[in-house]
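Here are my notes on the model. Please read them with the structure open.

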Amino acid sequence: MTPRRPADGVELIGRPTPQRAEVLEALAGCEEFVSAQALYARLVQTGSRVGLSTVYRTLTALAEAGRADVVRDTNGERLFRYRASEDHRHYLICRQCGLSLPVDSTAVEAWADQVTEISGFADVHHTVELTGTCATCSAARSAD
């Protein structure tokens with residue numbers, strides 16, 4: 001059996017188009033969180049003709065479909081990271097270099113479930129953003 005490529009899931013976000021598949025493949029190829037503008041620039045560098053608005057729409061649709069994690073940088077810009085499965089994750093992100101590490105969020109998920117149950121709300125979503133300075137950036141700053 002051949003493993004599925006990320007673009008094979010493009011039907012999750014609407015009509016499957018080559019442009020959406022291209023954006024999905026590009027996002028899946030990024031190791032860290034990336035802005036729509038940065039992803040668009042990467043696509044343009046490779047000769048892609050995908051428009052910036054298509055990049056924004058596709059990334060937003062991926063996030064809504066549970067196939068992209070979204071965090072905000074220090075300026076409030078949304079950054080995206082491909083999520084291969086529907087598992088919800090939380091990250092610790094370096095404010096200096098952007099390094100992102102998934103963290104165990106069992107306590108956060110339990111708390112969110114408890115608040116949902118107690119409140120009587122349905123279809124509750126949550127966002128938890130943890131930022132700091134990674135060891136490499138801390139060491140570099142200390143050396144200055």
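1. Start with helix H1 (residues 18–28). Its buried residues are Ala21, Val23, Leu24, Ala26 and Leu27. Buried means under 20% relative accessible area, exposed over 50%, and partly exposed in between, with a 1.4 Å probe and protein chains only. The buried residues of H1 pack against strand S1 (34–35), helix H2 (36–45), H3, S2 and S3. Helices (H or I, at least four residues) and strands (E, at least two) are DSSP runs, numbered from the N terminus.

2. A word on the basis. This is a predicted model: local features need pLDDT of at least 70, side-chain atom pairs count only at pLDDT 80 or more, and totals for chains, interfaces and linings use all residues. Residues are numbered from 1 along each chain as its sequence is written, and side-chain values use heavy atoms, with hydrogens and water left out.

3. Overall layout. The protein has five helices and six strands. From the N terminus on, the order is α-β-α-α-β-β-β-β-α-β-α. The C-alpha trace spans about 50 × 40 × 35 Å along its principal axes. Of the 144 residues, 31% count as buried. Among contacts (heavy atoms within 4.5 Å) with a separation of 6 or more, 42% are between residues 24 or more positions apart.

4. The salt bridge. The structure holds one. Asp69 pairs with Arg83, and the closest N and O atoms are 2.6 Å apart. Asp69 lies in strand S2 and Arg83 in the loop between S3 and S4, so the pair ties together parts that are 14 residues apart in sequence. The criterion is a side-chain nitrogen of Lys or Arg within 4 Å of a carboxyl oxygen of Asp or Glu. Both partners are buried: Asp69 has 4% relative accessibility, and Arg83 has 11%.

5. Surroundings of Arg83. Not counting residues up to four places away in sequence, Arg83 touches Gly66, Arg67, Ala68, Asp69 and His88.

6. The largest pocket. What volume does the largest pocket have? About 650 Å³ of space lies in it. The lining holds 25 residues, of which Arg83, His88, His125, His126 and Thr127 lie nearest the centre. Helix H3 (52–64), strand S2 (68–72), S4 and helix H4 (106–119) each give two or more residues to the lining. S2 supplies the largest share, five residues. On a 1 Å grid over the protein atoms alone, a pocket is an open set of points with protein on both sides within 12 Å along at least five of seven lines, where a 1.4 Å probe fits; lining residues have an atom within 4 Å of a point. The volume is the space filled by probe spheres set on the points, which are joined across faces, edges and corners.

7. Surface. The protein exposes about 9400 Å², and carbon and sulfur atoms supply 51% of it. Leu92, Leu99, Leu101 and Leu130 form a nonpolar surface patch with about 300 Å² of accessible area together. Patch members have over 30% relative accessible area and no salt bridge; nonpolar side chains (Val, Leu, Ile, Met, Phe, Trp, Tyr) are joined within 5 Å, like charges within 9 Å. Areas come from the Shrake-Rupley method with a 1.4 Å probe; for residues, only the protein chains shown count as cover. Leu99 sits in the loop between strand S4 (90–94) and strand S5 (100–103). Leu99 counts as partly exposed, at 32% relative accessibility.

8. One distance to check. Ala107 lies in helix H4 and is exposed, with a relative accessible area of 63%. Ala107 and Cys97 are ten residues apart in sequence and 27 Å apart in space, C-alpha to C-alpha.
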